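Here is a short briefing on a protein model. Look at the sequence and the structure first, then read on.

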Amino acid sequence: MRTLKLGIADDHELFRKGFISMLSGIPDFEFILEAANGQELLDRLPANTPDIIFMDLQMPVMDGIQATEAAFEKFPNIKIIVVSMYNEDRFVIHMLEKGVQGYLLKDTSPDEVEKAIRRVDEEGFYYNDFVSKAMHRKMVNRQVNKHPFFPNACNVALSTREKEVLQLICDGLSTSEIGDKLFISVRTVEGHRLRVLEKTGTKSTAAAVSFAYKNQLLS
């Protein structure tokens, strides 16, 4: 069984230790790094590089936003899941635009945390109902702008099936669940996802979703 290497950056030691203890009983999870702030995390990353990092947002010395940017720049293959007390849409959207693979609140159940880890490892992202609703509200509430957010946005034309796949990704479904719902194979779902990335000029599913919502490609 492959062991998933995990890390956490959070300045509250009680939460940090409790979070590690909560997940350490799962056989294929191993915490190899913990840090009390963003700078400490970056200092320790070269020697211990996890597959997935749990990132708090408000920390001394260097906050989670700065640490996320620096971590992605130096270690582009790392995956980051935010774990924060901040439930405002602006934080969720901002961190998704930074490229994080998931956003959880600190009262998330242990079962959902495990689900998020496995989904991020297998699919590259995890959007729960909280994140999906935040993205939808962002789309609905923002003032309509005649100018696209990206220069090539007006040239993007997703097919009906590509929009369906992207919408179901936003709804938090996995590749296999999307395939079952649309009665298509996992390979076909992945093909649609890759075409969405190609058409939007994005490098990750999270970036493609953000692009689609910003430019009203989804209903």
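R193 sits in helix α9, which covers residues 186-200. Helices here are DSSP runs of H or I with at least four residues, strands are runs of E with at least two, and both are numbered from the N terminus. This is a predicted model, in which local features need pLDDT of at least 70 and side-chain atom pairs count only at pLDDT 80 or more, while totals for chains, interfaces and linings use all residues. Residues are numbered from 1 along each chain as its sequence is written, and side-chain values use heavy atoms, with hydrogens and water left out.

- Is R193 buried or exposed? R193 has a relative accessible area of 17%, so it is buried. (Buried means under 20% relative accessible area, exposed over 50%, and partly exposed in between, with a 1.4 Å probe and protein chains only.)
- The side chains of R193 and E190 make a polar contact at 2.6 Å. (A polar contact is a pair of N or O atoms within 3.5 Å; within protein, one must be able to donate a hydrogen and the other to accept it, and residues adjacent in sequence count only if both atoms are side-chain atoms.)
- Leaving aside residues up to four places away in sequence, R193 touches I169 and T205. (Contact means heavy atoms within 4.5 Å.)

**Helix α9 against helix α7**

- Two packed helices are described by the angle between their axes and the distance between the axes.
- The axes of α7 (residues 160-170) and α9 come within 9 Å and cross at roughly 95°. (Axes are lines fitted to C-alpha atoms, for helices over the stretch in contact, and angles run from 0 to 180 degrees between N-to-C directions.)
- That angle makes α7 roughly perpendicular to α9. (Angles of 65 to 115 degrees count as roughly perpendicular, under 35 as roughly parallel, over 145 as roughly antiparallel, and the rest as oblique.)
- From α7, the residues R161, E162, V165, L166 and I169 meet V189, H192, R193, R195, V196 and K199 of α9.
- This contact of α7 with α9 has five nonpolar residues, one polar and five charged. (Ala, Val, Leu, Ile, Met, Phe, Trp, Tyr, Cys and Pro count as nonpolar, Asp, Glu, Lys and Arg as charged, and the others, Gly among them, as polar.)

**V186 in α9**

- V186 also belongs to helix α9. Its relative accessibility is 45%, so V186 counts as partly exposed.
- V186 touches T175 and S176, not counting residues up to four places away in sequence.
- V186 and V92 are 94 residues apart in sequence, and their C-alpha atoms are 28 Å apart in space.

**Helix α10**

- Helix α10 (residues 205-214) is mostly covered, with eight of its ten residues buried.
- Which residues of α10 are buried? They are T205, A206, A208, V209, S210, F211, A212 and Y213.
- Just after α10, Q216 has a positive phi of about 55°.

**Helices α3 and α4**

- The axes of α3 (residues 64-74) and α4 (residues 89-98) come within 10 Å and cross at roughly 15°. The two helices are therefore roughly parallel to each other.
- G64, I65, T68, E69 and F72 of α3 make the contact with H94, M95 and K98 of α4.

**Positive phi in two loops**

- V61 is not a glycine, yet its phi is positive, at about 70°. V61 lies in the loop between β3 (52-55) and α3. At 70% relative accessibility, V61 counts as exposed.
- F183 also has a positive phi, near 60°. F183 lies in the loop between α8 (175-182) and α9. At 76% relative accessibility, F183 counts as exposed.
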